[in-house]
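Here are a few friendly notes to read with the model open beside you. Take them one at a time and find each residue as you go.

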Amino acid sequence: MAIEKTFSIVKPNSTLDNNIGNIIATFEKNGLRIAGAKFTHLSKEKAEGFYIEHKERSFFGELVDFMTSGPVMLMCLEGENAVAKNREIMGATNPAEAAEGTIRKLYAKSIGENSVHGSDSQAAAERELAYFFEKNEIIERF
């Protein structure tokens with residue numbers, strides 16, 4: 001199996017509800033390692049740039065408003081098949097459809113406030129990590 005890196009955001013609803021530690025513990029219990037992390041408050045410009053592919057969609061403004069409404073935890077996760085593993089750990093986008101024990105089932109409030117973001121492919125992970133992290137901010141496997 002391949003060791004990969006992927007990107008994750010703990011969204012404002014989960015940071016404000018004090019669930020960062022629970023979410024990190026879930027990643028670690030499931031074989032992912034934190035290789036980089038930043039606690040920040042996204043600017044409107046940074047959030048708009050990150051979600052640019054959704055710019056023409058009706059929910060874009062609401063998404064940007066939500067993602068800038070409170071602090072977020074940006075993370076580089078590393079592990080075997082990290083992209084797929086992270087998607088499995090997060091659960092379905094709609095928390096009502098998420099499997100028991102997944103992050104979204106446990107901590108999401110709605111489809112919009114679904115607690116976490118995770119890259120959906122290796123190419124997306126590379127792009128998203130580069131958008132938020134400098135190379136020296138990500139620790140190589142040790």
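1. Start with Ser-8, which stands opposite Gly-118 in strand S4. S1 and S4 (residues 116–118) run antiparallel and pair over three bridges; two strands count as paired if DSSP finds at least two bridges between them. Helices (H or I, at least four residues) and strands (E, at least two) are DSSP runs, numbered from the N terminus.

2. This is a predicted model, where local features need pLDDT of at least 70 and side-chain atom pairs count only at pLDDT 80 or more, while totals for chains, interfaces and linings use all residues. Residues are numbered from 1 along each chain as its sequence is written, and side-chain values use heavy atoms, leaving out hydrogens and water.

3. S1 (residues 3–10) also pairs with S3 (residues 72–80), antiparallel over eight bridges. There, Glu-4 stands opposite Gly-79. Seven of the eight residues of S1 are buried (under 20% relative accessible area; exposed is over 50%, partly exposed in between; 1.4 Å probe, protein chains only).

4. Which residues of helix H4 (residues 60–67) are buried? They are Phe-60, Leu-63, Val-64, Phe-66 and Met-67. These cover an arc of only 160° around the axis, so they sit on the same side of H4; the arc is that of the directions from the helix axis to the C-beta atoms. The face turned away carries the exposed Glu-62 and Asp-65.

5. Look next at Arg-33 and Glu-78, a salt bridge whose closest N and O atoms are 2.8 Å apart (a side-chain nitrogen of Lys or Arg within 4 Å of a carboxyl oxygen of Asp or Glu). Arg-33 is in S2 and Glu-78 in S3, 45 residues apart.
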